[in-house]
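This briefing goes through one protein model by topic. Please keep the sequence and the structure open while reading.

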Amino acid sequence: MAPSAAVTAFLCFTFWALLISPAVSLTCSGQKFTKNQVFSTCLDLPSLSSYLHFSYDSSNTTLSVAFIATPSKPGGWVAWAINPKATGMAGSQALVAYKNSTTGLSVVRTFDISSYSSIVAKDLSFEVWDKTAESRTDGSLAIFAKIKIPADLASGGEINQVWQIGPGVGADGTLVKHEFAAANLQSKGTLDLKNGHTSSVSGGDTRTKNKNIHGILNAVSWGILFPVGAIIARYIRAFESADPAWFYLHVFCQISGYAIGVAGWGTGLKLGNQSSGITYSGHRNIGIALFVLATAQVFALFLRPNKEHKYRSYWNIYHHGFGYAIVVMGIVNVFKGFNILRPDYKWKSAYINTIICLGAISLLLEAVTWVVVLKRRSGISNKPHDGKQ
């Protein structure tokens, strides 16, 4: 395999691996506990980057659980609860873990959340024992407990579960109120004790789904495909054997990014019409500018003069200037979108890792291409001209 082909293959493999790896690594199946506790089932809960490990003994209706989540801020709290009568927070019986600021040890307390305005530390309405908490190396907290499920709840095979994360704990042990972003409001569902799965009871919020679609489309297009296309155009073209393969790869990434970006832009317009009185001016203005610049870039493909044409240098300035502007503005707007949507941190973390890896690849290829170009220029300067050395 030629060096340029190897670099191209490596770049493509790395790109797809970055897209796939977050979904593989951020799951409950790889989580271990310091005391080697084993549970029959583990679930990746659908919001707040939370995980539930549990075993259920139907003969005596005993539920053993380990709940893992990361507080929204250092020194914050995490909670897992059963709601005997409803699907939300009000009425739930909660286990709350946090790190004691005085001792530095993680503790578990029980709270009866009779209403949104009454959160009282007290014994739960059902029996709970072996309550412990564990601080994990990644900053998350784990809650361990064994719970006697009341007979009337156990008979149906399903219970209502609620989970949450918060920013802090007061000196008197009161919990600082959690945020009310979409992920926090959707942290509830039903837990099937017998079959080992959970389902959401969030009601299928169409606007939230559209926001997620909008975010995914734009992150993939402006935030990943356009930077990858720029990397290919700048570095792979330095290898003579990669011509014209680099050009077609570049065009594929940019056209695909543009098509997906237009779809994301369209969902953004729809969300704007559905959200009267809510305006994110910076995010919106950058999005409009991206659409205009990217459309101009697509037309640049049809206006591209030959290499020998006298206007080719002007076209290069226009094409490269617009291209780098799209890459920078696209990445900035993706982060603005994260601040608006406030999804589970694992998605923002995965994107940050992707950008870091693409940046590292760019630095590596920058060094490689400079070596190739300098060697090529050195070879040209040593060639005979007009029969003379």
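Which residues make the nonpolar surface patch of about 530 Å²? The patch is made by I255, F299, L301, F302 and L303. The model is predicted, and the mean pLDDT of the protein is 81.

**Nonpolar patch**

- Helix α6, which covers residues 281–302, gives the most to the nonpolar patch, with 3 residues.
- F299 is one of the patch residues and lies in helix α6.

**Confidence**

- A pLDDT of 70 or more is reached by 84% of the residues.
- Residues 16–25 have a pLDDT below 50. Leaving aside near neighbours in sequence, this stretch has 4 contacts in the model.

**Open sheet**

- An open sheet is formed by 5 strands in the order β1-β2-β3-β9-β8, with antiparallel pairing.
- The edges are taken by β1 (41–44) and β8 (128–135); each has a single partner strand, so one side of each is left without a neighbour in the sheet.
- From one strand to the next, the twist averages 15 degrees.
- In a regular strand, side chains alternate between the two faces of the sheet.

**Pairing of β2 and β3**

- Strand β2 (residues 51–57) pairs with strand β3 (residues 62–69) in the antiparallel sense, over 7 bridges.
- F54 has V65 in β3 as its bridge partner.

**Pairing of β8 and β9**

- The edge strand β8 pairs with strand β9 (residues 141–148) in the antiparallel sense, over 6 bridges.
- Opposite A133 stands I143 in β9.
- The hairpin of β8 and β9 has 5 residues between the strands. In this hairpin, G139 takes a positive phi near 95 degrees.

**Salt bridges**

- A search of the whole structure finds 4 salt bridges.
- K122 lies in the loop between β7 (118–121) and β8, while D112 lies in strand β6 (residues 106–115), so the pair ties together parts that are 10 residues apart in sequence.

Technical notes. Residues are numbered from 1 along each chain as its sequence is written. This is a predicted model: local features need pLDDT of at least 70, side-chain atom pairs count only at pLDDT 80 or more; totals for chains, interfaces and linings use all residues. Side-chain values use heavy atoms; hydrogens and water are left out. Two strands pair if DSSP finds at least two bridges between them. Helices (H or I, at least four residues) and strands (E, at least two) are DSSP runs, numbered from the N terminus. Axes are lines fitted to C-alpha atoms, for helices over the stretch in contact, and angles run from 0 to 180 degrees between N-to-C directions. Patches are made of residues with over 30% relative accessible area and no salt bridge: like charges are joined within 9 Å, nonpolar side chains (Val, Leu, Ile, Met, Phe, Trp, Tyr) within 5 Å. Accessible areas come from the Shrake-Rupley method with a 1.4 Å probe; for residues, only the protein chains shown count as cover. A salt bridge is a side-chain nitrogen of Lys or Arg within 4 Å of a carboxyl oxygen of Asp or Glu. pLDDT is the predictor's confidence in each residue, from 0 to 100. Contact means heavy atoms within 4.5 Å.
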